[in-house]
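Me: I would like to go through a model with you, one topic at a time. Please keep the answers plain and give the cut-offs as they come up.

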Amino acid sequence: MSQLETPLFDALLKHRNRHPIQFHIPGHKKGQGMDPAYREFVGDNVLSIDLINIAPLDDLHAPKGVIMQAQNLAAQAFGADHTFFSVQGTSGAIMTMILTVVGPGDKIIVPRNVHKSIMSAIVFAGAIPIFIHPEVDSELGISHGISPESVERALLKYPDAKAVLVINPTYFGFVADLKRIVDIVHARNIPVIVDEAHGVHIKFHDDLPLSAMQAGADMAATSTHKLGGSMTGSSVLNVREGLVSAKRVQSVFSMLTTTSTSYPMLASIDTARRQLAVNGQNLLDDAIRLAQDARKRINSIPHLHCVGREKLGTSATYDMDPLKLLISVKDLGITGHVAEEWLRVNANLEIELSDLYNILCLVTIGDSKKEINLLINALTRMSKAFESEASITETNVQIPEIPALAMSPRDAFYAQTESIPLALSEGYICAEFIMVYPPGIPIFIPGEIITQSNIDFIKMNVEAGLPVQGPEDSTLQNIRVIKERKAIY
């Protein structure tokens, strides 16, 4: 088959054009039973292909027809042996990867700055996380990737580890020397799995970093919706046969996936793959040019700095994705959170992420010169608005320490617990997740011993207005801990 084809999307259109009488779910019956206001807003086209796994449309859980053909074309495009479509987002694909390679008591080596879906899957698996500290950028106040050297040290210390997980690219667009990491891990005959949520596009342009499949990884959860043009919540899981069984992947994937799969989402993956495979080089040419122009113009705005290739130079910052505009606002005398709020209120502009010192803006194949001009105009006005507060600010990088793991995350999650004041919780064993989201980096996970420094880190983020999430108590006054077992007299 040719990359010009979209077998799944075509089958949906062919089925729709037959106008079959539907005595099956969904109950809205091509929109006729739907709230009129919503139907008018969404339109009948998308509702007419909101169908279920009837025979002509194949079944995501056991594909043998058009879904199998679409997945085979995607595997060919991404350079994988097998590709699985996900309607549970990249989170579902990440959970599938982890549950495929580890089980109860197995060790898995992971960076500390992982997405919450990774820790959720480790809880489900009953696995033991072995954390590697990512490289810290003291100037920007962010974490990068992990280095090949740190992976090698972890494997020497934990030779019984069953898998290594790598984030590549990071949320901020930095890329480690993934090929070296893969070679180090494969020398021990264990798989490398990659959180490639922010790297769907890198395979499709010669000037972008190596993709996970190009670097020889065994599995990669790759988000087509983030930067690839498909609908939100759609993703792919790319698999290389050898250290991982595709049949095992399909079994785990099916356990985690709804049987009411969304055909509009699946079709959007099929068509996004075609667009990337056929036109990706040209579309990304334009996007890269826009991003480079934006970076240059941002760096001419007083008190702002947009990071570029000058930050490269270590094995954890081996390369970068130029479409990520990471903008330091600290010398403007404001936090990233304040900048985000100002841009929302004063410029009707929404960014991807803010932290203590930076904001993150994404340039994609959906952008044009118009959007870039609006961004530059908004940033220029923001710089003038805060000019009186501007000063050279030193970053005070406080990366939360990795607490000691007293029991497995799964045992802690399911243990008897109690809620106590966060301020009095030092020394207790945490029973819930606490993270800054986005990007979802854990401060505590279930099973870790609570430290005062991390309590202080939580307070610092809350006071800065950053999104600390996870605990049952959304006010963050209390935390759930393992219930103390006191002696009986």
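Me: Is leucine 476 buried or exposed?
Reply: Leucine 476 counts as buried, at 12% relative accessibility. Buried means under 20% relative accessible area, exposed over 50%, and partly exposed in between, with a 1.4 Å probe and protein chains only. Please note that this is a predicted model, in which local features need pLDDT of at least 70 and side-chain atom pairs count only at pLDDT 80 or more, while totals for chains, interfaces and linings use all residues. Residues are numbered from 1 along each chain as its sequence is written, and side-chain values use heavy atoms, with hydrogens and water left out.

Me: Where does leucine 476 sit, and what is its phi?
Reply: Leucine 476 lies in the loop between β19 (468-469) and β20 (478-482). Its phi is near 65 degrees, a positive value in a residue other than glycine. Helices (H or I, at least four residues) and strands (E, at least two) are DSSP runs, numbered from the N terminus.

Me: What about histidine 19, buried or exposed?
Reply: Histidine 19 counts as exposed, at 59% relative accessibility. This residue also has a positive phi, of about 50 degrees, although it is not a glycine. Histidine 19 belongs to the loop between α1 and α2.

Me: Which peptide bond is cis, with omega near 5 degrees?
Reply: That is the bond from isoleucine 25 to proline 26. Proline 26 is in the loop between α1 (7-17) and α2 (36-42). The bond from asparagine 168 to proline 169 is cis too, with omega near -5 degrees, and proline 169 is found in the loop between β6 (163-167) and β7 (174-175). In general, most residues other than glycine have a negative phi, and most peptide bonds are trans.

Me: Changing topic: how many salt bridges are there?
Reply: The count comes to 17 salt bridges, where a salt bridge is a side-chain nitrogen of Lys or Arg within 4 Å of a carboxyl oxygen of Asp or Glu. One of them joins aspartate 137 and lysine 311, with the closest N and O atoms 3.0 Å apart. This pair links distant parts of the chain, 174 residues apart: aspartate 137 is in strand β4 (residues 136-137) and lysine 311 in the loop between β11 (305-306) and β12 (319-320).

Me: Are those two buried or exposed?
Reply: Aspartate 137 is buried at 7% relative accessibility, and lysine 311 is buried at 17%.

Me: What does aspartate 270 form with arginine 273?
Reply: Aspartate 270 and arginine 273 form a salt bridge, with the closest N and O atoms 2.9 Å apart. They are separated by about one helical turn, because they are three residues apart in helix α11 (residues 263-298). Aspartate 270 is buried at 0% relative accessibility, and arginine 273 is buried at 3%. Elsewhere, salt bridges that share partners join Glu340, Glu341, Arg344 and Glu350 into one network.

Me: And the sheet, in what order do the four strands run?
Reply: The order is β11-β13-β15-β14, in an open sheet with antiparallel pairing. Two strands pair if DSSP finds at least two bridges between them. Strands β13 (residues 324-328) and β15 (residues 358-362) pair over five bridges, and leucine 326 stands opposite leucine 360 in β15.

Me: Which helix packs on the sheet, touching β14 and β15?
Reply: Helix α12 (residues 336-347) does, where contact means heavy atoms within 4.5 Å. Its direction makes about 50 degrees with that of β15; axes are lines fitted to C-alpha atoms, for helices over the stretch in contact, and angles run from 0 to 180 degrees between N-to-C directions.
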